[in-house]
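Work through the exercises below with the sequence and the model side by side, and try each task before reading its solution.

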Amino acid sequence: MNTWLLCSGLLALVTAAVHIVAGQRDPVKPFLKSNLEDVPKATLLACWHMVSVMLLCGACTLIFIGWKGDAQYYTLTYLIGVIYVLFTVVLIVVGTYFFKFTALVKLPQWVLLLPIGLLALLGS
């Protein structure tokens with residue numbers, strides 16, 4: 001068993017659940033009620049759910065490999081860790097563009113994504 005990866009995967013699973021449940025209430029429903037045209041609305045909604053799939057797949061992979069502790073898959077877990085760190089970078093850059101110095105508060109998702117990535121990197 002690889003505790004770093006297992007913890008990373010469990011935190012990723014919680015994050016995916018928060019994304020799917022709270023995300024539907026907070027950003028998605030108001031966005032769908034907006035006056036944006038249907039094609040960009042459908043595209044952004046599809047992207048939202050692609051992120052949901054990515055978060056769930058990453059979480060399941062990290063949990064499975066963390067539970068098995070099989071070192072032959074550590075390149076994959078390293079890549080997943082890098083992806084989560086890059087998600088953090090994207091949130092900070094986009095948040096800074098829109099919100100300047102309050103970016104870390106306005107888009108707090110980085111608080112969950114960065115530890116997932118760092119734990120996955122540590123476990124790899």
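**Exercise 1.** Which residue just after helix 2 takes a positive phi?

Solution. The model is a predicted one, in which local features need pLDDT of at least 70 and side-chain atom pairs count only at pLDDT 80 or more, while totals for chains, interfaces and linings use all residues. Residues are numbered from 1 along each chain as its sequence is written, and side-chain values use heavy atoms, with hydrogens and water left out. Helices are DSSP runs of H or I with at least four residues, numbered from the N terminus. Just after helix 2 comes Gly 69, whose phi is about 65°. Most residues other than glycine have a negative phi.

**Exercise 2.** Describe how helix 2 and helix 3 cross.

Solution. Begin with the axes, which are lines fitted to C-alpha atoms over the stretch in contact, with angles from 0 to 180 degrees between N-to-C directions. The axes of helix 2 (residues 38-68) and helix 3 (residues 74-99) come within 10 Å and cross at roughly 140°. Helix 2 is therefore oblique to helix 3, where angles under 35 degrees count as roughly parallel, over 145 as roughly antiparallel, 65 to 115 as roughly perpendicular and the rest as oblique.

Next, list the residues in contact, meaning heavy atoms within 4.5 Å. Met 54, Leu 55, Gly 58, Ala 59, Thr 61, Leu 62 and Ile 65 in helix 2 meet Tyr 74, Leu 76, Thr 77, Ile 80, Ile 83, Tyr 84 and Phe 87 in helix 3. By class, this contact has 11 nonpolar, three polar and no charged residues, where Ala, Val, Leu, Ile, Met, Phe, Trp, Tyr, Cys and Pro count as nonpolar, Asp, Glu, Lys and Arg as charged, and the others, Gly among them, as polar.

**Exercise 3.** Is Ser 8 buried or exposed, and which residues does Ser 8 touch?

Solution. Ser 8 is found in helix 1 and is buried, with a relative accessible area of 0%; buried means under 20%, exposed over 50% and partly exposed in between, with a 1.4 Å probe and protein chains only. Not counting residues up to four places away in sequence, Ser 8 touches Leu 62, Ile 116, Leu 119 and Ala 120. Leu 62 is itself one of the buried residues of helix 2, and those buried residues pack against helix 1 (3-32), helix 3 and helix 5 (110-123).

Notes
Helix = DSSP H or I, 4+ residues; strand = E, 2+ residues; numbered from the N terminus.
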